[in-house]
Amino acid sequence: MRDDRRIVVVEEDRKTGAGWAKLFGTVFLVVMTLAVVDRGLTVAWVTVTTWLNRHLF
(Lines give C-alpha, C1' and ligand atoms only; values in the text may rest on other atoms or scores of the structure.)
Protein backbone atom coordinates (compact mmCIF):
# COMPACT_ATOMS: atom_id res chain seq x y z
CA MET A 1 0.00 0.00 0.00
CA ARG A 2 1.46 3.33 -1.11
CA ASP A 3 0.96 6.66 0.55
CA ASP A 4 0.71 9.26 -2.25
CA ARG A 5 0.25 12.28 -0.02
CA ARG A 6 2.71 15.09 -0.52
CA ILE A 7 5.02 16.00 2.27
CA VAL A 8 5.34 19.76 2.74
CA VAL A 9 8.63 20.85 4.24
CA VAL A 10 8.75 24.43 5.46
CA GLU A 11 12.31 25.70 5.56
CA GLU A 12 13.15 28.34 8.11
CA ASP A 13 14.60 31.51 6.69
CA ARG A 14 17.44 32.23 9.11
CA LYS A 15 18.54 35.34 7.26
CA THR A 16 15.28 37.22 7.76
CA GLY A 17 16.74 39.76 10.20
CA ALA A 18 20.32 39.66 8.95
CA GLY A 19 20.10 43.08 7.30
CA TRP A 20 18.68 44.76 10.39
CA ALA A 21 21.18 43.00 12.65
CA LYS A 22 24.07 44.22 10.52
CA LEU A 23 22.70 47.76 10.45
CA PHE A 24 22.15 47.99 14.20
CA GLY A 25 25.46 46.26 14.89
CA THR A 26 27.26 48.83 12.76
CA VAL A 27 25.44 51.71 14.46
CA PHE A 28 26.30 50.24 17.86
CA LEU A 29 30.00 49.95 16.97
CA VAL A 30 30.13 53.52 15.64
CA VAL A 31 28.44 54.93 18.76
CA MET A 32 30.69 52.92 21.10
CA THR A 33 33.80 54.02 19.19
CA LEU A 34 32.74 57.65 19.48
CA ALA A 35 32.10 57.17 23.20
CA VAL A 36 35.56 55.68 23.77
CA VAL A 37 37.24 58.45 21.77
CA ASP A 38 35.25 61.09 23.67
CA ARG A 39 36.22 59.52 27.00
CA GLY A 40 39.88 59.44 25.99
CA LEU A 41 39.83 63.09 24.94
CA THR A 42 38.07 64.06 28.16
CA VAL A 43 40.65 62.26 30.30
CA ALA A 44 43.48 63.81 28.29
CA TRP A 45 41.97 67.29 28.66
CA VAL A 46 41.54 66.94 32.43
CA THR A 47 45.09 65.58 32.77
CA VAL A 48 46.63 68.42 30.77
CA THR A 49 44.66 71.16 32.51
CA THR A 50 45.48 69.72 35.93
CA TRP A 51 49.16 69.53 35.06
CA LEU A 52 49.15 73.09 33.70
CA ASN A 53 47.34 74.45 36.76
CA ARG A 54 49.86 72.82 39.10
CA HIS A 55 52.97 73.89 37.22
CA LEU A 56 52.10 77.28 35.83
CA PHE A 57 49.79 78.86 38.37
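This is a predicted model: local features need pLDDT of at least 70, side-chain atom pairs count only at pLDDT 80 or more; totals for chains, interfaces and linings use all residues.
## A one-helix protein at a glance

The side chains of D3 and R5 meet in a salt bridge, with 2.9 Å from N to O. The protein has one helix and zero strands, and buried residues account for 0% of its 57 residues. Here is a short tour, arranged by topic.

**Overall shape**

- Taken along the principal axes, the C-alpha atoms fill a box of roughly 100 × 15 × 5 Å.
- The radius of gyration is 29 Å, whereas a compact globule of 57 residues would have one near 10 Å.
- Helix α1 covers residues 18-56, and there are zero strands to go with the one helix.

**Surface and exposure**

- The accessible surface of the protein amounts to about 6300 Å², and carbon and sulfur atoms contribute 66% of that.

**The salt bridge**

- The structure holds one salt bridge, and its partners are D3 and R5.

**The aromatic pair**

- A pair of aromatic rings is described by the distance of the centres and the angle of the planes.
- The count of aromatic pairs in this protein comes to one.
- W20 and F24 form that pair, and their rings are stacked, at 5.9 Å centre to centre with 25 degrees between the planes.
- Planes under 30 degrees apart count as stacked, so the angle of 25 degrees puts W20 and F24 in that class.
- Both residues sit in helix α1, where W20 and F24 are four residues apart, about one turn of the helix.

**The nonpolar patch**

- On the surface, W20, L23, F24, V27 and V31 form a nonpolar patch, and together they have about 540 Å² of accessible area.
- The two rings of the stacked pair, W20 and F24, therefore belong to residues that are also members of this patch, which joins nonpolar side chains within 5 Å.
- V31, another member of the patch, is found in helix α1.

**Other residues along helix α1**

- T42 and L23 are 19 residues apart along the chain, and their C-alpha atoms are separated by 29 Å.
- L23 brings us back to the nonpolar patch, where L23 is listed with W20, F24, V27 and V31.

Methods: Residues are numbered from 1 along each chain as its sequence is written. Side-chain values use heavy atoms; hydrogens and water are left out. Patches are made of residues with over 30% relative accessible area and no salt bridge: like charges are joined within 9 Å, nonpolar side chains (Val, Leu, Ile, Met, Phe, Trp, Tyr) within 5 Å. Accessible areas come from the Shrake-Rupley method with a 1.4 Å probe; for residues, only the protein chains shown count as cover. A salt bridge is a side-chain nitrogen of Lys or Arg within 4 Å of a carboxyl oxygen of Asp or Glu. Helices (H or I, at least four residues) and strands (E, at least two) are DSSP runs, numbered from the N terminus. Rings of Phe, Tyr and Trp (its six-membered ring) pair if their centres lie within 6.5 Å; planes under 30 degrees apart count as stacked, over 60 as edge-to-face and the rest as tilted. The radius of gyration is taken over C-alpha atoms; the globule rule is 2.2 Å times the number of residues to the power 0.38. Buried means under 20% relative accessible area, exposed over 50%, partly exposed in between (1.4 Å probe, protein chains only).
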